[in-house]
Amino acid sequence: MGQKIHPVGFRVGVIRGFDSHWYYGKKGYGAALLLDHKIRRFIKHRVGLGNVSRVEIERAANRIKVTIFTSRPGAIIGKGGRGIDELTDTLNRLVRRDDPTSVVQVNVTEVRQPELDAQLVAENIAMQLEKRISHRRAMRQAMTRCMRLNGRGIKVQVSGRLGGSEIARTEGDKVGKIPLHTLRADIDYGFAIASTMYGSIGVKVWVYKGEVLPEKKFQPVPDLPPVRRRPDAPEEAAAPVAAAPAPAPAPETTGEASVTA
């Protein structure tokens, strides 16, 4: 039987890190995890489909730092920073229901190449499916844009009542290579759901960006201890360097050839 594993979770601790940076014991872990889920769900709903790649949450004491990775930072920041201020105030009210002492700080980071971000690609395909665009055309355009920006490989899979058919099916396409079992391979994974009038259509995207090679570990050369000389020990005289012998002179040659009897 085929056993499937999440490509991102498979590489956490090897070439990727966690999206949540905090530590709790058994007492507060569940509440913090649930609050992280509420924050991410609210941001996805507030910003909209196709704009948010991922949300990183960092906790230090009573301060919660939320970093939003998006392809359109201007849509979140708003005119004069109005949008991010409203988002911060709403998140503070959401968080203080569970912890009245917490303070939320929101940062926005731009995703430079959204065509190579699997989550953004999946949500973009889902938006096109909701607009009744052919799934084959949407997949082909996404793969073409990815490979044009030096992507090493991309795989797209859609499942559901494609084209309004009575029987649901799964279709996919692939360009390049997707080494899912190679831990050093930087593979990004994204999933989105398109809500069409026929039902829900799931979209999965795998993007291979290349290998993350380990850094070479250089072993430092240990410092040799200094040589200690006794104060009463006489200094050794330097041995004279013998001159190199001069080369023997070459024998003189005459134009007459010697004749032997």
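Helices are DSSP runs of H or I with at least four residues, numbered from the N terminus. The exercises below use a predicted model.

**Exercise 1.** Determine which element gives the most to the lining of the second largest pocket.

Solution.
1. The second largest pocket holds about 360 Å³ of space.
2. Its lining has 14 residues, and K4, I5, P7, L180 and W206 are the closest to the centre.
3. Two or more lining residues come from each of helix 1, strand 5 (153-160) and strand 8 (199-211).
4. Helix 1 gives the most, with three residues.
5. By class, this lining has six nonpolar, four polar and four charged residues.

**Exercise 2.** Describe the lining of the largest pocket by element and by class.

Solution.
1. The volume of the largest pocket is about 1200 Å³.
2. Among its 38 lining residues, V8, R16, D19, R54 and V55 are the closest to the centre.
3. Helix 1 (7-11), helix 2, strand 2 and strand 7 (185-196) each give two or more residues.
4. Helix 2 gives the most, with seven residues.
5. The lining divides into 17 nonpolar, nine polar and 12 charged residues.

**Exercise 3.** Work out which strands stand at the edges of the four-stranded open sheet, and what packs on the sheet.

Solution.
1. The strand order is 1-2-3-4, with mixed pairing.
2. Strand 1 (20-21) and strand 4 (103-110) each have a single partner strand, so they stand at the edges, with one side of each left without a neighbour in the sheet.
3. Strand 1 pairs with strand 2 (residues 52-60) in the parallel sense over two bridges.
4. H21 has E58 in strand 2 as its bridge partner.
5. Helix 2 (residues 29-47) packs on the sheet and touches strand 1, strand 2 and strand 3 (63-70). The direction of helix 2 makes about 145° with that of strand 2.

Notes
Residues numbered from 1 in each chain as written. Predicted model: local features only at pLDDT ≥ 70, side-chain atom pairs only at ≥ 80, totals over all residues. Heavy atoms only, no water. Pairing = 2+ DSSP bridges. Contact = heavy atoms within 4.5 Å. Axes fitted to C-alpha atoms, helices over the stretch in contact; angles between N-to-C directions. 1 Å grid on protein atoms, 1.4 Å probe; cavity = no way out; pocket = protein on both sides within 12 Å on 5 of 7 lines; lining within 4 Å. Points joined across faces, edges and corners; volume = space filled by probe spheres on them. Nonpolar A, V, L, I, M, F, W, Y, C, P; charged D, E, K, R; others polar.
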